[in-house]
Structures are given as C-alpha cells and as structure tokens.
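I opened this model to trace its sheet and the helices around it. My notes follow in the order I looked things up.

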Amino acid sequence: MSRDPRIDEKIATAADFARPILEHWRALVHRTVPEAEEAIKWGMPHFVYKGKNIAGMAAFKAHCAVIVHGDGRQDSEGMGSYGKIAKLEDLPSDEVLAGRLRDAVRRIDRGEKEPWRERAPKPKPVLSVPQDLAAGLAATPAAAAFWDSLPPSHHHEYLIWITEAKREETRVKRVAQALEWLAQGKRRNWKYER
C-alpha cells in the first residue's frame with residue numbers, strides 16, 4: 001500500500017467526526033485495490049490505479065464526501081457519489097463500495113473511458129459581435145488586431161462577459177474595459193494566466 005503523507009495530514013487535520021470516515025474509506029480502497037496509489041488532485045485525497053483516478057474523498061465542516069470515479073453516481077445533496085456523509089453509518093456497505101471500486105478497476109483494465117467523458121460536449125451558442133463592441137474595435141486598431149488574432153473560444157469569453165451584463169451602464173463599462181485589455185494584448189481571463 002502506497003501512502004501519501006499529504007493524505008495523512010489531511011486526515012489528521014479533519015474534524016473529529018470526519019477522521020473515522022476518511023480512514024475507513026482509505027483502508028477500504030486499499031483493501032479492494034491494493035495497487036492503488038495515493039495522490040492529491042484538485043486539493044483532495046485521491047486514489048489512482050494505472051494512472052487513472054479511481055476514487056477520492058474530502059472532508060468539510062459538517063460532512064464528508066467519497067467518490068468512485070466513473071460509477072455514474074452523483075448525489076444531489078453534495079459533492080461525491082454518496083451524498084453528505086456525517087458518520088460511518090451514512091456510507092453504503094463495504095460490499096457495495098468494494099463492488100463499485102472493482103467495477104472501476106475493470107473499466108480501466110478494459111480501457112473504457114469514464115461515462116461522463118463519452119458524452120458529447122454541449123455546443124456553445126454562436127454569438128455575434130454586438131454593435132457597440134464592433135464600433136469600439138473599428139475605432140481601436142490595436143484592439144481589433146489582437147481580437148482578430150484570438151481563437152473563437154477567447155472571443156466567446158469576451159462576448160459572454162459583455163452580453164450577460166444586466167444593466168446598460170455595466171455593459172458600457174465592460175465594452176470599454178474589453179477594448180482596453182484587447183489593445184494591451186490581453187485575453188479576457190488574463191489575470192488567471194501564468
């Protein structure tokens with residue numbers, strides 16, 4: 001069993017109610033899938049089999065969540081496959097959970113993708129450039145040149161941001177801000193780029 005000290009730390013710093021749940025889930029995953037390795041993904045403890053995510057867990061203020069990747073379950077009462085878990089008794093039986101983990105292992109061994117990956121992505125609506133932005137681009141050559149160099153996905157980010165403004169004053173400010181950023185060669189979400 002490969003143990004990640006970061007997961008030891010996450011369990012140790014979890015609330016008193018959460019530690020037994022997290023320890024039980026961790027032990028069950030390792031008993032069921034001895035080849036599983038531990039990792040931190042999206043800031044949460046995860047278990048990886050043959051390089052693929054198989055299971056995960058998280059602790060919150062008043063509940064925990066456990067996940068079996070690819071089992072197709074998503075509880076509407078919180079993150080994870082089995083809803084908000086506040087005590088060990090809230091978990092399904094070990095037999096049920098072990099069966100779901102073994103199913104996930106079989107999917108990985110057969111090379112199947114997780115079911116949610118097989119769904120075709122929803123097409124994004126095609127948005128046209130609003131007149132106020134088009135006029136601004138025509139009046140600002142540097143912004144227009146950068147706009148023309150951007151791929152459609154970046155156009156979409158700007159267009160959604162501008163067109164979802166509820167008030168006219170907000171929209172005017174967003175068009176002005178967009179033109180300023182475009183003239184500086186900045187994408188819509190430039191603040192988050194590294």
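I started with the term I needed: two strands pair if DSSP finds at least two bridges between them. With that in hand I looked at β3 and β4, and found a hairpin that joins β3 to β4 through 4 residues. I keep in mind that this is a predicted model.

**Sheet**

I counted the bridges next. Strand β3, residues 52-59, is joined to β4 by 5 bridges, and the two run antiparallel.

Then I took in the whole sheet. I see 4 strands in an open sheet, in the order β1-β2-β3-β4, with antiparallel pairing. β1 (37-41) and β4 (64-68) are the edge strands, and each pairs on one side only.

I sorted the side chains by direction. Cys64, Val66 and Val68 point one way, while Ala65 and Ile67 point the other way.

**Helices on the sheet**

I moved to α1, residues 5-12. This helix lies across β1, β2 (44-49) and β3, and runs at about 65° to β1.

I then followed α3, residues 94-109. Helix α3 packs on the sheet and touches β2, β3 and β4. Its direction makes about 145° with that of β3. I tested its length: at 1.5 Å a residue, the 16 residues of α3 should span 22 Å, and the end C-alpha atoms are 22 Å apart, which agrees.

Which residues of α3 are buried? I list Leu97, Ala98, Gly99, Leu101, Ala104, Val105, Arg107 and Ile108. I looked for what covers these buried residues, and found α2 (18-32), β2, β3 and β4 among the elements that do. Just after α3, I noted that Gly111 takes a positive phi of about 80°.

**A buried arginine**

I stopped at Arg26, which is found in helix α2. Its relative accessible area is 4%; the cut-off for buried is under 20%, so Arg26 counts as buried. What does Arg26 touch? Leaving out residues up to four places away in sequence, I find Arg3, Asp4, Ile7, Asp8, Ile11, Glu38, Phe47 and Met57.

I checked how α5 (residues 131-139) sits against α8 (residues 168-183). The two pack at an angle of about 35°, with axes 10 Å apart. The crossing of α5 past α8 is right-handed. From α5, I find Asp132, Leu133, Gly136 and Leu137 in the contact; from α8, Arg171, Val175, Leu179 and Leu182. I sorted these contact residues into 5 nonpolar, 1 polar and 2 charged.

I finished on α7, residues 152-163. This helix has 12 residues and reaches 16 Å from first C-alpha to last, close to the 16 Å expected at 1.5 Å a residue. Its buried residues are His154, His155, His156, Tyr158, Leu159, Trp161 and Ile162. I asked what covers the buried residues of α7, and the cover includes α5, α6 (141-149) and α8.

Note on methods
Residues are numbered from 1 along each chain as its sequence is written. This is a predicted model: local features need pLDDT of at least 70, side-chain atom pairs count only at pLDDT 80 or more; totals for chains, interfaces and linings use all residues. Side-chain values use heavy atoms; hydrogens and water are left out. Contact means heavy atoms within 4.5 Å. Axes are lines fitted to C-alpha atoms, for helices over the stretch in contact, and angles run from 0 to 180 degrees between N-to-C directions. The expected span of a helix is 1.5 Å times one less than its number of residues. Buried means under 20% relative accessible area, exposed over 50%, partly exposed in between (1.4 Å probe, protein chains only). A crossing is left-handed if the near helix is turned anticlockwise from the far one by less than a right angle, and right-handed if clockwise. Ala, Val, Leu, Ile, Met, Phe, Trp, Tyr, Cys and Pro count as nonpolar, Asp, Glu, Lys and Arg as charged, and the others, Gly among them, as polar.
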